[in-house]
Amino acid sequence: MSKRFTTNHNITALACFPLLIWSMASAVERLLWACIILDSGVCSISLPAITDLKFIEECVKEHNLARSSVSPPATDMLYMTWDEALAITAKAWAKRCIFDHNIYLKNAPRVHPSFPSVGENIWTGSPPSQFNTTKAIKRWVDEVRDYSYQENSCNKVCGHYTQVVWASTYKVGCAVQLCPDGIKHFTSEKGVLFVCNYATAGNIIGRRPYASQGGACSKCSDTCENKLCRKYQVSLVQCEKLLLIFKQTTSSNFSPAHFKDVKILIRNQHGY
C-alpha cells in the first residue's frame, strides 16, 4: 500500500544483472538473485540531483504554470526562477529525512546569503516509486480547491498552494532525497522527501497571495509573459561579448574576475 503526504525524474530501478547469467537462470534462481542483490543495496533508486537541468526545468515550469493559472488573474505575479542557494538549503534539510519544516527558517541568514526570508513546502511518499516531480508539486497546487480568494480563507490545508502562488516570491530551489531507513514523523519504511524553498517567503498572515485588480500583469513594471511579470533579461553570452569589447577598449587593469562578478549580478537580478 502506498503512502503520500505533504507539508507547509521519474525514479528508475537500475538493472544490475549480467544479461547472459540472467537469461540462463531459472525462474527460482532469478527470484533468489533479485532478493540477494536488492537486499545488498547494489541496485539503487536514481533520483535527480539539484544540478540536474531537467529536474530544475520541471520544478520551475510547474511553479510558473500554477502561478499563471490563478483565478482571478494576478496583476502583480512575478515570474519564478531557480536559485542554487535555496536548492542547497532544501537538500541539506531533506538529507535529515524528517517530515517537518526546517528549524532554521526563522533565521534567514542561516538558510540564504541574501534574502531576508525563506519559505518552504514539503512532500513525502512511500514507497520511493511514488515520487514524481510534477505530481508532487501538483499536490500542493490542488489545495486551491479548499481556498477562497474572495474570502482569503481556507477550509482545510492551503498553505502549500498559497506559497506556490505568492506574488512577490520569485525564487525557488528544490531537492529530493531517498530515505532508506524511513522518514521521521511519517514512516519507518523506505521513502522519499521532496523539499522546495522559496524567496522571499510568502504566507504572511492576513494578506492575500496576490492582487487582482485591473487584469493580468496590469501592475508589471517590465514585460508580461504568460500572465507573469518578468524583468528584461540579458543573457550571459551577451554579457560576455560586451565585456570582451570593454576589455579591448579599456586599460590593462581589467581583470578576468570582473566576468564572474557581473555574471553573479545578472543571475541574482534576472534569474540566471
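Which cysteine does a disulfide join to cysteine 220, and what is the S to S distance?

Tutor: That would be cysteine 229: a disulfide joins cysteine 220 to it, S to S 1.9 Å. Before we go on, this is a predicted model, where local features need pLDDT of at least 70, side-chain atom pairs count only at pLDDT 80 or more, and totals for chains, interfaces and linings use all residues. Residues are numbered from 1 along each chain as its sequence is written, and side-chain values use heavy atoms, with hydrogens and water left out.

Back to your pair. The torsion about the S-S bond of cysteine 220 and cysteine 229 is about -80°, so this disulfide (a pair of cysteine sulfur atoms within 2.5 Å) is left-handed. Cysteine 220 and cysteine 229 are both buried, where buried means under 20% relative accessible area, exposed over 50%, and partly exposed in between (1.4 Å probe, protein chains only).

Now set that beside cysteine 217 and cysteine 224, whose sulfur atoms sit 2.1 Å apart in a disulfide. Here the S-S torsion is about 70°, so the link between cysteine 217 and cysteine 224 is right-handed.

Cysteine 154 counts as partly exposed at 34% relative accessibility, whereas cysteine 158 is buried at 5%. By the distance rule, the protein has five disulfides in total.

Cysteine 59 is buried, with a relative accessible area of 0%.

Serine 68 brings us back toward your pair in sequence. Setting aside its neighbours within four places in sequence, serine 68 is in contact (heavy atoms within 4.5 Å) with Asn226, Lys227 and Leu228. Serine 68 belongs to helix α3 (residues 53–68) and is buried, with a relative accessible area of 17%. A polar atom of its side chain lies 3.1 Å from the backbone oxygen of leucine 65.

Most residues other than glycine have a negative phi, and most peptide bonds are trans. Going against that, the bond between alanine 199 and threonine 200 is cis, with omega about -10°. Threonine 200 is in the loop between β9 (191–199) and β10 (223–225). Asparagine 203 also lies in the loop between β9 and β10, and it has a positive phi of about 55° although it is not a glycine. It is partly exposed at 26% relative accessible area. Cysteine 97 likewise has a positive phi of about 55°; it is in the loop between α4 (84–94) and β5 and is buried at 13%.

Of its 272 residues, 41% count as buried.

Notes. Helices (H or I, at least four residues) and strands (E, at least two) are DSSP runs, numbered from the N terminus. A polar contact is a pair of N or O atoms within 3.5 Å; within protein, one must be able to donate a hydrogen and the other to accept it, and residues adjacent in sequence count only if both atoms are side-chain atoms.
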